[in-house]
Amino acid sequence: MSTLLDNLNWRYATKKYDAAKKISATDLNTIKEAIRLSASSYGLQPYKVVIVENPEIREQLKEVAYGQTQITDASHLFVFATDVNVGDSAVNDYINNISETRGVPADALAGFGDMMKGMIAGLPSDAKNTWTAKQTYIALGNLLSAAAELKIDATPMEGFNAAEFNKILGFDKLGLNASVIATVGYRHGEDDTQHYKKVRKSHEELFITI
């Protein structure tokens with residue numbers, strides 16, 4: 001059986017997908033659950049994850065993603081979108097979720113909620129957007145690891161016009177902003193990059209113990 005490290009060595013940022021191969025519903029749900037279980041600041045998860053299957057929409061998105069064929073040829077396209085105006089409402093919903101899930105009276109969580117609201121309210125808009133975007137990258141990491149465990153290929157992508165994605169996907173009307181995207185599916189036999197040796201820093205270069 002493959003180990004986690006074996007699977008992480010196996011994965012790479014796939015450049016060419018086999019458009020004829022689709023992910024099973026079971027595997028797709030596993031990836032979705034891995035994303036749902038991602039860590040985030042306070043556990044707030046200030047984002048939405050939009051899964052784009054519609055081929056016409058994906059053609060439009062490819063045009064504003066520098067023509068990268070992964071957008072249209074992969075089985076699925078995941079778009080991580082931050083909540084632009086995250087604030088008291090999101091915190092209230094989260095507090096209610098904690099109360100219902102753990103059986104804790106909402107009043108007992110008021111201090112925690114006020115602390116989160118104060119932190120968010122104190123952030124300038126640009127800092128808030130940076131903070132929410134960071135949370136999507138944590139979720140993206142879970143997607144990549146889960147896909148590798150399933151031997152499903154994935155490509156994290158920042159090369160796209162976020163403003164145009166927002167327009168095409170209607171994010172402007174939903175208070176969302178496209179942060180990062182990922183395609184998932186199965187590598188094409190003609191993708192030469194699958195044979196490249198993985199290039200990473202050595203332990204000595206990367207890690208510092210103090």
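## Gln194 and its contacts

Beyond its neighbours within four places in sequence, Gln194 is in contact with Tyr12, Arg187, His188 and Gly189. This is a predicted model. Gln194 sits in the loop that runs between strand 4 (176-185) and helix 10 (203-206). Its side chain reaches the backbone oxygen of Asp191 at 2.9 Å. Gln194 has a relative accessible area of 22%, so it counts as partly exposed. The cut-off for buried is under 20%.

## Thr14

Where does Thr14 lie? Its place is the loop between helix 1 (4-10) and helix 2. Thr14 has a relative accessible area of 0%, and is therefore buried.

Leaving aside neighbours within four places in sequence, the contacts of Thr14 are Gln70, Asp153, Ala154, Thr155, Arg187 and Asp191. Two of these names have come up already. Arg187 is in contact with Thr14 and also with Gln194. Asp191 is in contact with Thr14, and its backbone oxygen is reached by the side chain of Gln194.

## The loop between helix 2 and strand 1

Ser38 lies in the loop between helix 2 (25-36) and strand 1 (47-52). Is Ser38 buried or exposed? Its relative accessibility is 7%, so it counts as buried. A polar atom of the Ser38 side chain lies 3.4 Å from the backbone oxygen of Ala34. Past its neighbours within four places in sequence, Ser38 is in contact with Gln45, Tyr47, Ile138, Ala139 and Asn142.

Tyr42 has its place in the loop between helix 2 and strand 1 too. Its relative accessible area is 30%, so Tyr42 is partly exposed. Its backbone deserves a look. Phi of Tyr42 is near 65 degrees, a positive value in a residue other than glycine. Most residues other than glycine have a negative phi.

## Lys151

Lys151 is another residue other than glycine with a positive phi, here near 55 degrees. Lys151 is found in the loop between helix 7 (125-149) and strand 3 (153-157). Its relative accessibility is 31%, so Lys151 counts as partly exposed.

## Helix 2 against helix 7

Helix 2 and helix 7 pack at an angle of about 145 degrees. Their axes are 8 Å apart. The crossing is right-handed. Helix 2 contributes Ile31, Ala34 and Ile35 to the contact, and helix 7 contributes Ala139, Asn142, Leu143, Ala146 and Ala147. By class, the contact has seven nonpolar residues, one polar and no charged.

Some of these residues link back to Ser38. Ala139 and Asn142 take part in the contact of the two helices, and both are in contact with Ser38. Ala34, on the helix 2 side, has its backbone oxygen 3.4 Å from a polar atom of the Ser38 side chain.

## Helix 5 against helix 6

How do helix 5 and helix 6 pack? Helix 5 (residues 88-102) and helix 6 (residues 110-121) meet at an angle of about 155 degrees, with axes 10 Å apart. That makes helix 5 roughly antiparallel to helix 6. Helix 5 passes helix 6 in a right-handed crossing.

On the helix 5 side, the residues are Asp88, Val91, Asn92, Tyr94, Ile95 and Ile98. They meet Phe112, Gly113, Met116, Lys117 and Ile120 in helix 6. The residues of this contact divide into seven nonpolar, two polar and two charged.

## The chain as a whole

The protein chain has 10 helices and four strands. From the N terminus on, the order of elements is α-α-β-α-α-β-α-α-α-β-α-α-β-α. Along its principal axes, the C-alpha trace spans about 60 × 45 × 35 Å.

Of the 210 residues in the chain, 39% are buried. Among contacts with a separation of 6 or more, 79% are between residues 24 or more positions apart.

Notes:
Residues numbered from 1 in each chain as written. Predicted model: local features only at pLDDT ≥ 70, side-chain atom pairs only at ≥ 80, totals over all residues. Heavy atoms only, no water. Buried < 20%, exposed > 50% of the residue type's maximum accessible area, 1.4 Å probe, protein only. Polar contact = N/O pair within 3.5 Å; in protein donor to acceptor, adjacent residues only side chain to side chain. Contact = heavy atoms within 4.5 Å. Axes fitted to C-alpha atoms, helices over the stretch in contact; angles between N-to-C directions. Parallel < 35°, antiparallel > 145°, perpendicular 65-115°, else oblique. Left-handed = near helix turned anticlockwise from the far one by under 90°. Nonpolar A, V, L, I, M, F, W, Y, C, P; charged D, E, K, R; others polar.
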